[in-house]
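The following note sets out points for a colleague who is about to examine the model. It takes them up one by one.

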Amino acid sequence: MYRRNGIVSTMTNRGKLPYHHAFEAAARKATEEHGNFPMLVGIHGDMLVRNVSRVRRRLGSRTLCAVLKGDAYGHGIRLVVPHIARFCSHIAFVDNSEAAAIRAAGTDVKLLRLRIGTPGEIVEAIEKGWNVRETICSRDKVAEVNGIGRRLDRVIEVHVSLDVAGLGRNGLPVDDAGTLREAISFIASRNNLRLASIGCHLPLAAQSTPSDRNDASRRALEKFASIAREIAAMIDLEGKPLPEISAYSSASSSAFGASGILEELGLPCFDRIGNSLFGLTSTAKHPEPGTGQVMHAAALVCDRVFRCSGSTIGYEQTYMVGGEGEEIALLGVGWLTLSRYCQGVGKTETPAFVINDSGGRHLLLGRQSMNIAAIRARDDMGRALSSGDLVYLTTDWGSSEHMPSVPRLCDLLGGVQTEFVTSSFGSSPSSLRFLF
Ligand SMILES: *Cc1c(COP(=O)(O)O)cnc(C)c1O
């Protein structure tokens, strides 16, 4: 067995998938460079490229705005951007640190801030020359951003989001046509603003039935299209360049992308896609076909102990050792990395598993702790883990129905969002994140 810097080749090479070799080699290298961590989070570059190019192809005439908020949903913006920028017309971000990282990668892709910026963030973005399109959705913010533009002698591109579907934040209200028209003509007439895009967000898209003419998201989208047409006509009358249309998240793009409702407007159209790029929609009602998981999180075994029949494991004594007693492997990560909310893993009615690099399953035993996880040391083939071995907490490699993909783990955790799991693993202080 090969041991160095805490990364050990696992039980046997037999049955190992090729990706595991690449993962382990990259983990070893990252450990040598950055030190030892109990959790190893590999970002699979080839899969990322495959996902992004598939999404790109599906969008047809619409262009791709990659949503990289939350440090690319925990995948690490610095690792992700160099792989995907060439497929994108836009990249959407939230915090200035993300904008800095995107520009540091040397891409001149259009940048869109997904939420409303604070005055300080907006000024900093201008002073740093990042060329950010700012989201605005109130008259006051329009005046504020125009004032910033005037003071710094710049024309600031703005993105106006319309609250057509009841998201109730980040959007201009649309129920009063007069007020909306007045707000748009106010923007259109300011010298230091340019209305660069109009968008909407469909909060019910993941559950929608697009073929149903009464579907709430479909109706919201049709409403959006008719308002966008009016706005474009107003902008045209002012003699200003026509805005782009920005539609959809992963779920709504998959559900409504082929409907043509927006293409009919004849405006340039881009889809804002987050989860699909990372292969996290496999269990969704509107999955993105052919995408695979980009994040693979593995933990190191820190010890193996024997417990006699009748002893209990975990909070609330949720697991009892049976038979002749059992060997228990302890992983050097706990579920605080996923917040206390997630301590239920292993206590669910469906048994939860982690897998070794041959695809063998290890049952999670009882309700887990915040800094250590207990699993059955032997997999279903009877092979035992030792201290220093790796097991995967989330991966979609292998074929087991118990494979711990991120979406499946989210179900076991009581239906949490996939991006919650990936950002918790990716940005946890226990994690060493690297590309492989
Ligand atoms: C997060 C977000 C998206 C992307 O959502 P996914 O479901 O991850 O694709 C799109 N638009 C806005 C405004 C968002 O905040």
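1. Ser138 is partly exposed, with a relative accessible area of 32%; here buried means under 20% relative accessible area, exposed over 50%, and partly exposed in between, with a 1.4 Å probe and protein chains only. The residue is found in the loop between strand E7 (132–136) and helix H7 (139–152). Helices (H or I, at least four residues) and strands (E, at least two) are DSSP runs, numbered from the N terminus. A polar atom of the Ser138 side chain lies 3.0 Å from the backbone nitrogen of Lys141. A polar contact is a pair of N or O atoms within 3.5 Å; within protein, one must be able to donate a hydrogen and the other to accept it, and residues adjacent in sequence count only if both atoms are side-chain atoms. Ser138 also lies 8.6 Å from Pro173, C-alpha to C-alpha, although 35 residues separate them in sequence.

2. On the basis of these values: this is a predicted model, in which local features need pLDDT of at least 70 and side-chain atom pairs count only at pLDDT 80 or more, while totals for chains, interfaces and linings use all residues. Residues are numbered from 1 along each chain as its sequence is written, and side-chain values use heavy atoms, with hydrogens and water left out.

3. Asp153, in the loop between H7 and E8, has a positive phi of about 55° and is exposed, with a relative accessible area of 64%. Glu316, in the loop between strand E14 (312–313) and strand E15 (319–320), has a positive phi near 60°. Glu316 counts as exposed at 52% relative accessibility.

4. Helix H1 (residues 18–34) has 17 residues and reaches 24 Å from its first C-alpha to its last, close to the 24 Å expected. The expected span of a helix is 1.5 Å times one less than its number of residues. Its buried residues are His20, Phe23, Glu24, Ala26, Ala27, Arg28, Ala30 and Thr31. Just after H1, Gly35 takes a positive phi of about 100°.

5. Within helix H1, His20 is buried, with a relative accessible area of 1%. A polar atom of the His20 side chain lies 3.3 Å from the backbone oxygen of Asp357. Leaving aside residues up to four places away in sequence, His20 touches Asp357, Tyr392 and Trp397, where contact means heavy atoms within 4.5 Å.

6. Helix H9 (residues 216–237) has 22 residues, and its end C-alpha atoms are 32 Å apart, in agreement with the span of 32 Å that it should have. Among its buried residues are Leu221, Phe224, Ile227, Ala228, Ile231 and Ile235. What covers the buried residues of H9 includes E8, H8, E10, strand E11 (244–247) and H10. Asp215 caps the N-terminal end of H9, with a side-chain oxygen 3.1 Å from the backbone nitrogen of Ser217. H9 is followed by Gly239, whose phi is positive, near 75°.

7. Which residues lie nearest the centre of the largest pocket? They are His201, Ser249, Asn275, Gln417 and Glu419, out of 44 lining residues. The pocket has a volume of about 1200 Å³. On a 1 Å grid over the protein atoms alone, a pocket is an open set of points with protein on both sides within 12 Å along at least five of seven lines, a cavity is a set where a 1.4 Å probe fits but cannot get out, and lining residues have an atom within 4 Å of a point. E8 gives the most to the pocket lining, with four residues. By class, the pocket lining divides into 19 nonpolar, 17 polar and eight charged residues.

8. A search of the whole structure finds one cavity of 30 Å³ or more. The largest cavity holds about 40 Å³ of space, a volume being the space filled by probe spheres set on grid points joined across faces, edges and corners. The cavity is lined by Ile187, Ala188, Arg194, Leu195, Ile235, Lys240 and Pro241. Helix H8 (177–189) and strand E10 (193–199) each supply at least two residues of this lining. The cavity lining has five nonpolar, no polar and two charged residues; Ala, Val, Leu, Ile, Met, Phe, Trp, Tyr, Cys and Pro count as nonpolar, Asp, Glu, Lys and Arg as charged, and the others, Gly among them, as polar.
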